Amino acid sequence: MKFIPTNRYLLIERLDFEQEDITYVLLPSDYEKQEIYGCFQILESAEDCNADYEEGERIVVLNSMVETINIAGNEFLVLLENHVIGFVEE
């Protein structure tokens, strides 16, 4: 199934970077650290976006702005283009 974004939305996927965790306090075993910002890769952009986003570009966004859409067992992550905070380059 393919999802095609419209209305200035970006279809994205989450990028996970391994980080060394150092624990200084005892926490419950089911505790998960919630990051405020996340790094995502652009898969596709709507034709009416104000900027020219390219597939594969890495962006930083507030995790709370990412929307999850479930259709027939398929999960898609989307984001309005004005929620892009910046780009990540190496």
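A search of the whole structure finds zero disulfides. A disulfide is a covalent bond between the sulfur atoms of two cysteines. For the search, a disulfide is a pair of cysteine sulfur atoms within 2.5 Å. Cys39 is buried, with a relative accessible area of 12%. Cys49 also counts as buried, at 12% relative accessibility. Buried means under 20% relative accessible area, exposed means over 50%, and partly exposed lies in between (1.4 Å probe, protein chains only).

The model is predicted: local features need pLDDT of at least 70, side-chain atom pairs count only at pLDDT 80 or more, and totals for chains, interfaces and linings use all residues. Residues are numbered from 1 along each chain as its sequence is written, and side-chain values use heavy atoms, with hydrogens and water left out.

Strands are DSSP runs (E, at least two residues), numbered from the N terminus. Two strands pair if DSSP finds at least two bridges between them.

Tyr9 has Leu80 in strand 5 as its bridge partner.

The whole structure holds three salt bridges. A salt bridge is a side-chain nitrogen of Lys or Arg within 4 Å of a carboxyl oxygen of Asp or Glu. Glu44 forms one with Lys2, and the closest N and O atoms are 4.0 Å apart. Glu44 lies in strand 2 (residues 37–45) and Lys2 in the segment before strand 1, so the pair ties together parts that are 42 residues apart in sequence. Glu44 is partly exposed, with a relative accessible area of 25%. Lys2 is exposed, at 62%.

Arg58 and Glu90 also meet through their side chains in a salt bridge (3.2 Å, N to O). Arg58 belongs to strand 3 (residues 58–62) and Glu90 to the segment after strand 6, so this pair ties together parts 32 residues apart in sequence. Arg58 counts as buried, at 18% relative accessibility. Glu90 is exposed, with a relative accessible area of 88%.

Arg8 forms a salt bridge with Glu81, the closest N and O atoms being 3.0 Å apart. Arg8 sits in the segment before strand 1 and Glu81 in the loop between strand 5 and strand 6, so the pair ties together parts that are 73 residues apart in sequence. At 29% relative accessibility, Arg8 counts as partly exposed. Glu81 counts as buried, at 5%.

A polar atom of the Glu81 side chain lies 2.7 Å from the backbone nitrogen of Asn50. A polar contact is a pair of N or O atoms within 3.5 Å; within protein, one must be able to donate a hydrogen and the other to accept it, and residues adjacent in sequence count only if both atoms are side-chain atoms. Leaving aside residues up to four places away in sequence, Glu81 touches Arg8, Leu10, Asp48, Cys49, Asn50, Ala51 and Tyr53. Contact here means heavy atoms within 4.5 Å.

How values were computed: Helices (H or I, at least four residues) and strands (E, at least two) are DSSP runs, numbered from the N terminus.
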